[in-house]
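Me: I am new to this structure and would like to learn how to read it feature by feature. Could you show me the general idea each time, and then the case at hand?

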Amino acid sequence: MATTEPRHPHDAAHPEGPHPHSEYLDQGERGQLISQAIGSFNQMKRVLEERLERRHNQGNSPIKYSPFQGQGRIIMALSPDDPMSQADLARKLEIRPQTLSTALKKLESAQLITRSTHPLDARVYLVGLTPRGQDLKDRLSTEEKYSGSMFEALDDAELTSFAACCCKLADHLRAEIEANKAVLELLSDQDR
């Protein structure tokens with residue numbers, strides 16, 4: 001019995017059957033599809049920005065933070081009842097400790113968080129929400145639900161696929177950035 005080479009990388013890893021889109025695209029078709037995907041992504045980004053801006057301008061969103069980025073993301077990750085170490089928070093949010101420290105100083109100045117030393121280890125800082133920070137988190141949660149309503153257009157399978165694609169692209173971009181950093185460091189070392 002002759003074995004055939006899989007037509008798509010998915011086929012080799014998944015013996016249950018071929019990938020539903022196993023047909024290879026030629027370079028021109030793939031380029032067109034990439035252009036279409038980028039155009040759709042940019043269009044979706046503009047619509048979402050307009051939608052959030054309109055909501056903000058209508059006074060329905062009296063907050064300057066976003067639950068999805070920056071300081072708003074930090075607020076969303078914290079709890080008033082269960083402070084977490086600054087190092088654990090940095091890992092959870094996948095941001096550098098120095099970047100987190102800068103943002104925490106601003107949030108502390110705004111009286112949204114508390115920072116205190118761990119009772120058993122003075123080297124560890126614990127971060128928690130103040131009542132004012134919890135109020136902001138509650139409002140950000142409402143904003144998050146509003147933003148999430150756009151996904152009602154997708155069924156569960158489409159949403160799962162979309163989320164997986166976004167994660168895969170983010171991982172690829174992170175790896176690309178790290179690879180470029182390594183190349184730049186190597187070139188920088190050669191110039192010395």
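Reply: What follows goes through helices, strands, a core and some loop residues. This is a predicted model, in which local features need pLDDT of at least 70 and side-chain atom pairs count only at pLDDT 80 or more, while totals for chains, interfaces and linings use all residues. Residues are numbered from 1 along each chain as its sequence is written, and side-chain values use heavy atoms, with hydrogens and water left out.

Me: At what angle do helix α4 and helix α5 pack?

Reply: Helices (H or I, at least four residues) and strands (E, at least two) are DSSP runs, numbered from the N terminus. Axes are lines fitted to C-alpha atoms, for helices over the stretch in contact, and angles run from 0 to 180 degrees between N-to-C directions. Here α4 (residues 86–93) and α5 (residues 97–109) pack at about 110°, and their axes are 9 Å apart. The two helices are therefore roughly perpendicular to each other, where angles under 35 degrees count as roughly parallel, over 145 as roughly antiparallel, 65 to 115 as roughly perpendicular and the rest as oblique.

Me: Which residues make the contact between α4 and α5?

Reply: Contact means heavy atoms within 4.5 Å. On the α4 side the contact is made by Q86, L89 and A90, and on the α5 side by P97, L100, S101 and L104. These residues divide into 5 nonpolar, 2 polar and no charged (Ala, Val, Leu, Ile, Met, Phe, Trp, Tyr, Cys and Pro count as nonpolar, Asp, Glu, Lys and Arg as charged, and the others, Gly among them, as polar).

Me: Is Q86 buried or exposed?

Reply: Buried means under 20% relative accessible area, exposed over 50%, and partly exposed in between, with a 1.4 Å probe and protein chains only. At 14% relative accessibility, Q86 counts as buried. Leaving aside residues up to four places away in sequence, Q86 touches L100, S101, L104, R115, Y125 and V127.

Me: Which strands are joined to β3 by bridges?

Reply: Two strands pair if DSSP finds at least two bridges between them. Strand β1 (residues 84–85) is joined to β3 by 2 bridges, and the two run antiparallel; in this pairing S85 stands opposite L126. Strand β2 (residues 113–117) also runs antiparallel to β3, with 5 bridges between them, and T117 has Y125 as its bridge partner in β3. In β3 (residues 125–129), 4 of the 5 residues are buried, so this strand is largely enclosed by the rest of the structure.

Me: Which residues touch the most other members of the largest nonpolar core?

Reply: A nonpolar core is a set of buried Ala, Val, Leu, Ile, Met, Phe, Trp, Tyr and Cys residues joined through side-chain atoms within 4.5 Å. The largest one has 19 residues, and I74, I75, L78, L89, L104, L107 and I113 touch the most other members. At least two residues of this core come from each of α3 (70–77), α4, α5, β3 and α6 (131–148). Not counting residues up to four places away in sequence, I113 touches I75, L78, L104, L107, E108, V127, G128, L129 and T130.

Me: Where do E94 and Q111 lie?

Reply: E94 lies in the loop between α4 and α5, and Q111 is in the loop between α5 and β2. Phi of E94 is near 55°, a positive value in a residue other than glycine, and Q111 has a positive phi of about 60° although it is not a glycine. E94 counts as exposed at 60% relative accessibility, and Q111 counts as exposed at 53%.
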